[in-house]
Amino acid sequence: MDNQNLSENRVVYDFQSYHTPVTRAIYVGVFLGFITAIVNIAYWSIYVNVTALGMSSYIVNVQTISFGSILPLVTFGILWATFSHYFKKAGPLITIILFALATLWLIMVVAGGDYGTNPTTIAQFKELVIPILAFIGIAGCIAFPICFKSKKVEDMML
């Protein structure tokens, strides 16, 4: 009788079917954040080595690129799930529009900013940061919806 009770009380974990839209959106955000961070680090590495960038490379480094790529896309995933829940079919579109506007606003802030006294360094800093922001925006607005709906990506991540 004890063996029978033990076998009936066993818990079986099925992680594939347990994921809610929120956890899937967060996982897709983390996944795309890592991919975008790798792309941004590769761009940063090539750009810094080709232009022999000086002081700007101390501000924009591997750590800031990693966190700056992952956190916005995880936040995008949370907003995606939240807006999809409350606004149903319009939620993803609202999220994409908000993220695109935020990305464009950040690009305009960087493009219009004055970051020192040396015009060459200012131009190089802008040439370094604007594409990084654009990569993050593209990952959120284009790649996220594709990856979120893709069964292949879901199977690979989970």
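Rings of Phe, Tyr and Trp, the last taken by its six-membered ring, are treated as a pair if their centres lie within 6.5 Å; planes under 30 degrees apart count as stacked, over 60 as edge-to-face and the rest as tilted. By that rule, ring pairs link Phe76, Trp80, Phe99, Phe144 and Phe148 into a cluster, and the count of aromatic pairs comes to nine.

Colleagues, a word on the source. This is a predicted model, in which local features need pLDDT of at least 70 and side-chain atom pairs count only at pLDDT 80 or more, while totals for chains, interfaces and linings use all residues. Residues are numbered from 1 along each chain as its sequence is written, and side-chain values use heavy atoms, with hydrogens and water left out.

I turn to the overall layout. The protein has eight helices and zero strands; helices (H or I, at least four residues) and strands (E, at least two) are DSSP runs, numbered from the N terminus. Of its 158 residues, 34% count as buried, where buried means under 20% relative accessible area, exposed over 50% and partly exposed in between, with a 1.4 Å probe and protein chains only. Contact means heavy atoms within 4.5 Å. Among contacts between residues at least 6 apart in sequence, 72% join residues at least 24 apart.

Next, the interior. A nonpolar core is a set of buried Ala, Val, Leu, Ile, Met, Phe, Trp, Tyr and Cys residues joined through side-chain atoms within 4.5 Å. The largest such core holds 28 residues, of which Val60, Leu128 and Phe144 touch the most other members. Helices H3 (21-51), H5 (62-87), H6 (90-112) and H7 (119-149) each supply at least two residues of this core, and H7 gives the largest share, eleven residues. Not counting residues up to four places away in sequence, Leu128 touches Tyr43, Trp44, Tyr47, Leu53 and Val60.

Which residues does Phe135 contact beyond its neighbours within four places in sequence? They are Thr36, Val39, Asn40 and Tyr43. Phe135 is found in H7 and is partly exposed, with a relative accessible area of 30%. With Tyr43 of helix H3, 92 residues away, Phe135 forms an edge-to-face pair, 5.9 Å centre to centre with 85° between the planes. Thr36 lies 99 residues from Phe135 in sequence, yet their C-alpha atoms are 6.9 Å apart.

Asn40, also a contact of Phe135, lies in helix H3. Asn40 counts as buried because its relative accessibility is 0%. Setting aside residues up to four places away, Asn40 touches Ile65, Ser69, Ile132, Phe135 and Ile136.

Finally, H5 and H6. Their axes come within 7 Å and cross at roughly 145°, the axes being lines fitted to C-alpha atoms over the stretch in contact, with angles from 0 to 180 degrees between N-to-C directions. Residues of H5, including Pro72, Phe76, Trp80 and Phe83, meet residues of H6, including Ala90, Gly91, Ile94 and Phe99. In the loop between these helices lies Lys88, whose phi is near 55°, a positive value in a residue other than glycine. Most residues other than glycine have a negative phi. Lys88 counts as exposed because its relative accessibility is 54%.
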